[in-house]
Amino acid sequence: MQRRDFLKTMASAGMCSMLCSSCSFSPDNIDKNVVGSKFIYKSKADLPTKISLEACSLCQLNCPACWVRLGEEKIKKEDGFGYLKFKDFKNLVDDNPQINEIELANHGEIFLNPELDKIIKYAYEKKIILSANNGVNLNTLSDEMAEALVKYQFSAMTVSIDGATPDVYKIYRRGGDFNKVIANIKKINEFKKKYNSEFPKMFYKFIIFNHNIDDILPAKKLAKELNMNIKFEQNCRPSYAPLSEEQKARVEKLLGLILESKSEKQSLNEYKNGKSKWFFCQDLFLSPQINWNGKLLGCCYSLVSTFDVNVFEEGLLKALNQQKVLYAKQMVTDFSTPPKKDILCSSCSVYETIKEENYEMFSDRKLI
């Protein structure tokens, strides 16, 4: 499959595929009595072909319900804030030729990384698909970076906007500038026109709060004008700006009327059901999350690492075969495995939920 066709396939649903056929757990000739041993990778060829790699944990906004802001002191104490260095990216990619897809967005704003242009260019040369579907605020974007996104076929990114007017936008996206975001989207579109390219695919993200319901219809209209599909999401912090029952009913009626494309209709189902409970835990298997400094976070829900391993220093194969990682995988797939205090999953609300519901992590009906 040509790079352009592969990009189109991966981006069309608004996210890159979470499933990778080469994600083999290689249980052959492994001691079955060792907890987690069935998840050992025998070689790099068995490793996931997709990873999630934080390009930058810094952010210029101060959104009130942001879990990074709420956990800021913990992050400063453990890992600190920073950005992915090009040399670390290059070494990781060169050492893992099986990788063909990387998600760069996690807790911060990728465009604050001063070496991002080098990273994007090198990934293009190595035929690696890059995305930022976990979200960008797009308040900072130079002309050179906008052109690089198009020229080097950055696959897709989700732009967090949550409104259709400056006054509504600034209620949640504190420190941001709505007009600047829209101008930056238009800037990218101009380069897409210049290069006759459909990449990057851009998605208009709208988290629904009690203060932005009246912007739902205008946002849908604006997204269409900007050649973007729109994604509506529930607020993951229900204590902040919660909807009344009457507002919830109004929102669902509005969304049912205005969403058109397949991916938009999928976002309606996701909105109604909330985030899939297994989404985070499967990261550890299918797209392991690595922090900007190389520390293995495991999933995008983690703010700091408790796996005591650095991918940049020890290599991806050794990192994913580390005993704590194996034990964490055992915990989230076999709930008879007792939690351990030194593994972050043990105190995670997502783990508690899937354990309570006896969720089958890799049941066919659960996979995207």
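**Helix packing and backbone features of the predicted chain**

Lys127 lies in the loop between H5 and strand S3 (129–136), where helices (H or I, at least four residues) and strands (E, at least two) are DSSP runs numbered from the N terminus. Phi of Lys127 is positive, near 60°, in a residue other than glycine. At 63% relative accessibility, Lys127 counts as exposed; buried means under 20% relative accessible area, exposed over 50%, and partly exposed in between (1.4 Å probe, protein chains only). The model is predicted, with local features needing pLDDT of at least 70 and side-chain atom pairs counted only at pLDDT 80 or more, while totals for chains, interfaces and linings use all residues. Residues are numbered from 1 along each chain as its sequence is written, and side-chain values use heavy atoms, with hydrogens and water left out.

The chain has 16 helices and eight strands. Of its 368 residues, 55% count as buried. The accessible surface comes to about 16900 Å², of which 49% belongs to carbon and sulfur atoms; accessible areas come from the Shrake-Rupley method with a 1.4 Å probe, and for residues only the protein chains shown count as cover. Among contacts (heavy atoms within 4.5 Å) with a separation of 6 or more, residues 24 or more positions apart account for 72%.

Two helix pairs were examined. Helix H4 (residues 86–95) and helix H5 (residues 116–125) pack at an angle of about 20°, with their axes 9 Å apart. Axes are lines fitted to C-alpha atoms, for helices over the stretch in contact, and angles run from 0 to 180 degrees between N-to-C directions. H4 is therefore roughly parallel to H5, as angles under 35 degrees count as roughly parallel, over 145 as roughly antiparallel, 65 to 115 as roughly perpendicular and the rest as oblique. On the H4 side, Phe86, Phe89, Lys90, Val93 and Asp94 meet Lys118, Ile119, Tyr122 and Ala123 of H5. The residues of this contact divide into six nonpolar, no polar and three charged; Ala, Val, Leu, Ile, Met, Phe, Trp, Tyr, Cys and Pro count as nonpolar, Asp, Glu, Lys and Arg as charged, and the others, Gly among them, as polar.

In helix H6 (residues 143–151), the residues Met145, Ala146, Ala148, Leu149 and Val150 are buried. These buried residues pack against H5, strand S4 (156–160) and helix H8 (178–194). The angle between H6 and H8 is about 50°, and their axes are 9 Å apart. H6 is therefore oblique to H8. The contact brings Asp143, Ala146, Glu147, Leu149 and Val150 of H6 against Lys187, Ile188, Phe191, Lys192 and Lys194 of H8. Its residues divide into five nonpolar, no polar and five charged. After H6 comes Gln153, with a positive phi near 55°.

Most residues other than glycine have a negative phi, and most peptide bonds are trans. A cis peptide bond joins Phe199 and Pro200, with omega about 5°. Pro200 is placed in the loop between H8 and S5. Asp308, in the loop between strand S8 (296–298) and helix H13 (311–314), has a positive phi near 55°. The relative accessibility of Asp308 is 56%, so Asp308 counts as exposed.

Strand S5 (residues 201–207) holds Lys205, which counts as buried at 13% relative accessibility. Leaving aside residues up to four places away in sequence, Lys205 touches Thr158, Val159, Ser160, Ile161, Asp162, Lys231 and Glu233.
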